[in-house]
Amino acid sequence: MATTGSETMSGATGAGLAGSASPAEERRRIEAARDALRPRLPFAPEAGIILGTGLGQFASALTDAVTIPYAEIPHFPRTAVESHAGDFIVGRLGGRPIAILSGRAHYYEGHSMKAVTFPVRVLRALGAHTLVATNAAGGMHPLHQAGDLVVVVDHINLMGDNPLVGPNDDLLGPRFPDMSEPYDRGLIALAKEVALEERIALREGVFVGVAGPNLETRAEYRFLRAAGADVVGMSLVPEAIVAVHGGMRVLAFAVVTDTCFPDALEPVDVPKILATAAKAEPLLTRLVTRVVERMPAPGADRAESRG
């Protein structure tokens, strides 16, 4: 499985370390972050994009960009992973107002699930109705090759935790959110259509989220594959759950940065993983930009996909 890059503890991880807060306190923290960001943003974002390992240069595609370090946003979790910049960037992509989370906090760093997903809550509070998540992943499907782009069609949560555990705040979302369509079918169809037009090879796959930070054993890869997963990683799932809970549409792309075939498993090579992600980044940037340009208003794609 793809790692999320080498770590350094040179910077504080902020308020995002493991802890708990009441629903009212959590909402106050979300509102504090929102209120600190709003005066500094040129416009409200329609969508948020999370950049995964090795994909930080994606943000250079924005125009009229404003960058705010996570350290300047109240209660934002700090990431200690070197390949994750830790910047909140707002600008235009394909002419649409977009917010980019350049870097994410990870559960394996010691953050609570609520802290890991706090930025998604803030995106929603700022008015974003769609989340586009990207991440590096290990490819377990026998036809996968390093560098492949995969649109995620479903997921399996094997992280051992869930960001919705605990008292529910009905103002943020329902107690029992439906997960029959965690990744929006209309946006998946649009992504496939755009990929075909742009001559970009795009695979479909089921993502399985694991806690990390260790890589999987041969037996674990066999188990995950038998469970129905095509790609494996240490992120995405908590963010998707919270986005759905908050009423957002979700579209996710995984970059296969290494292949995880049990009978041909090789030791992980982090520099090679980062280089593979960087090589795939231009294609992913082009694909996401075209999707954002043509992204329909919330509800329009669902109505069309369901007749």
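In the predicted model, L93 stands opposite R96 in strand β4. This pairing belongs to the contact between β3 and β4, which run antiparallel and are joined by 7 bridges. The two strands form a hairpin with 2 residues between them, and G94, located in the turn, has a positive phi of about 60°. On its other pairing, β4 meets strand β1 (residues 47–51) in the parallel sense over 5 bridges, with I49 standing opposite I100 of β4.

Strand β4, which spans residues 96–102, is mostly covered, given that 7 of its 7 residues are buried. R96, I98, I100 and S102 point one way from the strand, whereas P97, A99 and L101 point the other way, and burial extends to all of these residues.

Aromatic contacts were examined next. A search of the whole structure finds 3 aromatic pairs. The ring centres of Y70 and F76 are 5.0 Å apart and their planes lie at 55°, so this pair is classed as tilted. Y70 is buried, with a relative accessible area of 4%, and F76 is likewise buried, with a relative accessible area of 1%. F76 also forms an aromatic pair with F118, for which the distance is 5.9 Å centre to centre and the angle between the planes is 80°, an edge-to-face arrangement. Because F76 lies in the loop between β2 (63–69) and β3 (87–93) while F118 lies in helix α3 (residues 118–125), the pair ties together parts that are 42 residues apart in sequence. Both F76 and F118 are buried. Taken together, ring pairs link Y70, F76, F88 and F118 into a cluster.

A further contact to an aromatic ring involves a charged side chain: the charged end of R92 sits over the ring of F43, at 4.3 Å from its centre.

Burial also characterises helix α6 (residues 237–245), in which 9 of the 9 residues are buried, so that the helix is largely enclosed by the rest of the structure.

Methods: Residues numbered from 1 in each chain as written. Predicted model: local features only at pLDDT ≥ 70, side-chain atom pairs only at ≥ 80, totals over all residues. Heavy atoms only, no water. Phe/Tyr/Trp six-rings, centres within 6.5 Å; stacked < 30°, edge-to-face > 60°. Buried < 20%, exposed > 50% of the residue type's maximum accessible area, 1.4 Å probe, protein only. Helix = DSSP H or I, 4+ residues; strand = E, 2+ residues; numbered from the N terminus. Lys NZ or Arg CZ within 6 Å of the ring centre and 35° of its normal. Pairing = 2+ DSSP bridges.
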